[in-house]
Amino acid sequence: MAAARRRAAVGLGLAGGACLLLGVCLLLAGPAIVKEQVVKNVRIDPSSISFDMWKDIPVPFYLSVHLFEVLNPTEVLDGAKPILRQRGPYVYREFRYKTNITFHDNDTVSYLEYRNLFFRPDLSNGTEDEYIVMPNILMLGASVMMENLPNFVKLLLSGALAGLKQEAFMNRTVGDILWGYDDPLLDTINMIVPGLIPFKGKFGMFVGFNNSNTGLFTVYTGMKNISRVHMVDSWNGLKKVNYWRSTGCNMINGTAGEMWPPFMSPTSLEFYSPDACRSMTLVYEQSGEFKGVPTYRFVAPKTLFANGTDYPPNEGFCPCRQSGIQNVSSCRLNAPMFISHPHFYNADPSLVNAVEGLHPSKEHHALFLDVHPMTGIPMNCSIRLQLNQYLKQVSGIIQTGKITPVVLPLLWFAESGNIEGSVLKQFYTNLVLIPSILDYLQYIFLGLSIPLIISAAVLMMMSQEKCSLFWSSNKKNSDSKKANQASSARKLPPVKVLREARL
């Protein structure tokens, strides 16, 4: 029985030791194994899991556009407050893919990313054939741009506008407003003021946006330094742009906005946006989950579009108006255009109060990125921005009437997407489930080792105690036997005495 207990104790001890060893090994080596797998699979390398995802983005992106219809155009020309009504959304499926992928010896890769948009009437609230009353963006923009020119030039333009029957507000289809229409005014303006609007062809809010690329990006691959993966080295060959008035504002910082370096900290992230002509910094808001995948949510700080007075680092983006809008005229042919959050969310209240029909809210108008911190890959995102035009009465151009100076919202859009389907499943299995299993196994092995080792110790002690009792019992029996023999010897008469008695 004791031998059986000793064998059981040895077996349990060996099992406990093995569990302890495995647990310690996983505790020490597990994080290194996971890190190695993450590094291997997120760098820009044709053999990595994320390469195909980076090259031909499988995530279904959607561009949702809302237009602002002006309900009282005649009254606005007389100086009244504009009354707006939001129309849409007009939803487009967006496909992105990279071409001209070229790897360089300095741990970088260059590429052009194209985007194709296809209208989705089933997801839209309206069609591209609907008519909407909006500002005559080209005419009113050119008027403000010519404000400081001699009066005879402005009168010449005003006469040309009358001859072309151009008015301050137009009634055009959604398709024309977004994707362009032929406007003879474009040639007329360039004839009167050569080079004022240096492009030809159709005019529209998103002309050149569809079937086009975002410029030549050169980013780090992470093969030599994973902390630099996806970080922009240059854009169109530039290390910085020259749109703005300060070095800080002209810097090209962060990534191209698709992925970030792995092992993120809950602080901030940066990316360069060619559409906004600047780098943007988002700040950490909270931790969460997206379909079982842990995420960090990053949002725009209130300072993103603050003016230089409220936030001095933004002085380089000026000339500024109220906080909450950014003047982008320097990268938009000097047209009086501004970008902001939709409905002037997080902007100076005077901007919202200058028009009727805006209802800013965080839920509907704040932009966000939900990023998996271990890999730097976005799980869910919605980038929301609004385009605005500065309107005013311009003396000498009678078509501008008595318009009260106002930053008028034209449209806002959201580029949204999230990982789903087989891509999400593969991502979850390789980069979430397996690391989690390894993490749990180390504690399971360590937890099992304790009762196994304790059980082995108890059985060993019990077997030793049984042996002690056995030897103690044997000793007592031996001593008793010796005592009996001695007593018997004392009772027998000596042999010599017996012999004498016989004689």
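**Confidence.** I looked up pLDDT, the predictor's confidence in each residue on a scale from 0 to 100, and found that the protein chain averages 85, with 83% of the residues scoring at least 70. This is a predicted model, in which local features need pLDDT of at least 70 and side-chain atom pairs count only at pLDDT 80 or more, while totals for chains, interfaces and linings use all residues. Residues are numbered from 1 along each chain as its sequence is written, and side-chain values use heavy atoms, with hydrogens and water left out.

**Strands.** I took strands as DSSP runs of E with at least two residues, numbered from the N terminus, and I called two strands paired if DSSP finds at least two bridges between them. Strand β8 (residues 268-273) runs antiparallel to strand β9 (residues 278-290), and six bridges join them; S268 has V283 in β9 as its bridge partner. Four residues lie between β8 and β9 in their hairpin, where C277 in the turn has a positive phi of about 65°.

I then followed β9 to strand β10 (residues 293-299), with which β9 pairs in the antiparallel sense over seven bridges, and where R297 stands opposite Q286. The hairpin of β9 and β10 has two residues between the strands, and K291 takes a positive phi near 50° there.

**T295.** Leaving aside neighbours within four places in sequence, I found T295 in contact (heavy atoms within 4.5 Å) with residues including Q286, F290, D370 and M379.

**A caution.** Over residues 494-503 pLDDT stays under 50, and the model has one contact beyond four places in sequence for them. Where pLDDT is low, the predicted coordinates should not be read in detail.
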